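Work through the exercises below with the sequence and the model open. Try each task before you read its solution.

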Amino acid sequence: MRDEACRRWRPSLGAYVLGQLGEDERIAVQAHLDACSGCRAEAAELGTVARLLPSADPSRIERAPAPRPDLADRVLDRVGQARRERTRGWLPRAAATAAAVLAFAAGLFLGLRGDDAGERVTFGVAPAGVTAEGRVRDLAWGTEIEIRVAGLEAGERYAVWLEEPGGDRVPAGTFRAVSGREITVTLAAGLPRGSAVALGVSDEEGATVLLASLV
Amino acid sequence: MRAGRRALRTEADLRSAYAEHGGELYGFALRSLEDRELAEEVVQETFLRAWRAGSRFDPEIGSLRTWLFAIARNVVIDQARARARVAPVERAEFPGEPDAVERALVAWQVEEALRRLAPDHRRVLVETYYRGRPYAEVAAELGIPEGTVKSRVYYALRSLRLALEEMGWTDEG
């Protein structure tokens with residue numbers, strides 16, 4: 001009976017794939033494997049595992065190394081810091097605050113004019129050689145965004161987004177920069193103007209290129 | 001652009017991801033770099049990069065764990081290279097090479113899988129395979145028949161395979 005033979009030889013398959021069997025038993029197991037595809041498949045699976053064993057260092061398996069208990073907090077701190085920096089842009093903290101105040105003042109001034117075209121926004125963060133200005137307009141379905149920009153790397157694709165207070169970004173769409181002239185792109189994001197704290201543009205690597213505070 | 005929900009969006013997301021995978025990521029980083037400070041640095045940097053790229057995580061493609069390990073592998077390579085620039089290390093192999101990191105990852109996975117075995121199973125593998133001791137000697141020491149040592153070796157390998165599969169290992173990998 002094949003089942004009986006399997007019951008007899010299966011428990012030897014571990015020692016078989018590890019080369020631990022005596023000659024007689026090895027030959028007997030081999031004979032069974034030649035006749036039984038089920039055990040052959042099992043031996044093949046165990047063989048793959050056996051081939052991995054040499055890579056382990058047995059002196060390391062007694063106990064798992066653990067990081068210091070405060071690593072969880074340090075992970076959260078680091079992400080929290082990055083979250084704050086993202087909201088502020090690349091500028092140092094003091095400069096970022098100043099930029100936010102200026103942007104607020106500009107927005108307030110334009111807002112008082114009650115322009116139907118929306119409010120103008122200034123990009124406090126922009127690389128050298130790039131000129132950009134934006135406009136955001138609060139609509140029933142979200143926020144319409146218009147950006148006029150020149151000097152970005154031609155051919156590169158840029159993503160436009162609005163940022164929520166928690167640091168989450170709501171995408172407004174993408175555009176491709178054109179060489180040598182100013183372009184105007186109009187996009188939209190499904191986030192009310194009042195819920196956005198910043199308008200940003202990032203490159204394909206995800207790095208923020210332009211950032212305007214909306215608060 | 002934003003397919004579904006961003007991964008690791010909130011502090012609670014991060015906390016639970018760390019609780020689930022932080023220790024493993026640390027274990028892998030330590031295995032690669034042999035330096036506790038650097039390994040902790042790798043874990044912090046891994047979660048930071050994961051948070052930054054959270055919108056690119058697609059649970060349809062793979063688990064959060066697989067994704068974090070893919071990021072950690074790159075961070076380990078970066079760390080090892082940075083360290084080599086500052087103070088050239090005298091080592092048989094340069095740990096900043098992707099192949100070396102890959103080997104460290106396999107070694108760590110196998111060691112971690114061995115740690116997850118039942119103590120009886122682990123014991124027979126360590127004694128017979130790593131220490132190369134005869135079955136009869138191990139059987140006498142443990143006070144069990146030789147046949148039991150043999151079947152424990154079999155079940156140890158089977159469990160090891162399961163543990164490796166749980167960690168995302170595949171035959172092709």
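Just after α5(B), B:G132 takes a positive phi of about 60°. Keep that residue in mind for the first exercise. The model is predicted.

**Exercise 1. Positive phi angles in chain B**

Task: Which residues have a positive phi of about 55° although they are not glycines?

Solution. 
- Step 1. Start with B:L8, which is not a glycine but has a positive phi of about 55°. Look for B:L8 in the segment before α1 (11-33) of chain B.
- Step 2. Check its accessibility. The relative accessible area of B:L8 is 4%. Buried means under 20%, so B:L8 is buried.
- Step 3. Move to B:E34. Its phi is also positive, about 55°, and it is not a glycine. B:E34 belongs to the loop between α1 and α2 of chain B.
- Step 4. Apply the cut-offs again. B:E34 has 40% relative accessibility.

**Exercise 2. The layout of chain B**

Task: How many helices and how many strands are there in chain B? Then describe its burial and its contacts.

Solution. 
- Step 1. Count the elements. Chain B has seven helices and zero strands. Read from the N terminus, the order is α-α-α-α-α-α-α.
- Step 2. Look at burial. Chain B has 173 residues, and 51% of them count as buried.
- Step 3. Look at contacts between residues at least 6 apart in sequence. In chain B, 59% of these join residues at least 24 apart.

**Exercise 3. Helix α2 of chain B**

Task: What span does helix α2 (residues 36-52) of chain B reach, and why is the helix described as largely enclosed?

Solution. 
- Step 1. Take the length. α2(B) has 17 residues. From first C-alpha to last, the helix reaches 24 Å, close to the 24 Å expected at 1.5 Å a residue.
- Step 2. Find the cap. B:D35 caps the N-terminal end of α2(B). One of its side-chain oxygens lies 2.9 Å from the backbone nitrogen of B:E37.
- Step 3. Judge the surroundings. In α2(B), 12 of the 17 residues are buried, so the helix is largely enclosed by the rest of the structure. The buried residues include B:L38, B:V42, B:F47 and B:W51.

**Exercise 4. A buried arginine**

Task: Is B:R65 buried or exposed, and what does its side chain contact?

Solution. 
- Step 1. Locate the residue. B:R65 is in helix α3 (residues 64-86) of chain B.
- Step 2. Classify it. B:R65 has 12% relative accessibility, so it counts as buried.
- Step 3. Find the polar partner. The side chains of B:R65 and B:E24 make a polar contact at 2.9 Å.
- Step 4. Set aside neighbours within four places in sequence. B:R65 is then in contact with B:H21, B:E24, B:W108 and B:M167.

**Exercise 5. The largest nonpolar core**

Task: Which residues touch the most other members of the largest nonpolar core?

Solution. 
- Step 1. Name them. The core has 40 residues, and A:L13, B:L114, B:L125, B:L157, B:L160 and B:L164 touch the most other members.
- Step 2. Ask which elements supply the core. Those giving two or more residues include α1 (2-9) and α2 (13-17) of chain A, as well as α4 (98-116) and α5 (119-130) of chain B. α7(B) gives the most, with eight residues.
- Step 3. Follow one member. Beyond its neighbours within four places in sequence, B:L114 is in contact with A:A56, A:I61, B:R122, B:L125, B:Y130 and B:L160.
- Step 4. Look elsewhere. Another core, of 39 residues, lies apart from this one, and A:L71, B:Y26, B:L48 and B:V101 are among its members.

**Exercise 6. Where the chains meet**

Task: How many residues of each chain are in contact with the other chain, and what area is buried between them?

Solution. 
- Step 1. Count both sides. 48 residues of chain A are in contact with 50 residues of chain B.
- Step 2. Take the area. About 4,800 Å² is buried between the chains, and carbon and sulfur atoms give 62% of it.
- Step 3. Look for charged pairs. The interface has 11 salt bridges. One of them joins A:D168 and B:R9, with the closest N and O atoms 2.9 Å apart.
- Step 4. Find the main contributor on chain A. α5(A) gives the most to the side that touches chain B, with 11 residues.

How values were computed
Residues numbered from 1 in each chain as written. Chains lettered and ligands numbered in written order. Predicted model: local features only at pLDDT ≥ 70, side-chain atom pairs only at ≥ 80, totals over all residues. Heavy atoms only, no water. Helix = DSSP H or I, 4+ residues; strand = E, 2+ residues; numbered from the N terminus. Expected span 1.5 Å × (residues − 1). Buried < 20%, exposed > 50% of the residue type's maximum accessible area, 1.4 Å probe, protein only. Polar contact = N/O pair within 3.5 Å; in protein donor to acceptor, adjacent residues only side chain to side chain. Contact = heavy atoms within 4.5 Å. Core = buried A, V, L, I, M, F, W, Y, C linked by side-chain atoms within 4.5 Å. Buried area = accessible area lost by both parts, 1.4 Å probe. Salt bridge = Lys/Arg side-chain N within 4 Å of Asp/Glu carboxyl O.
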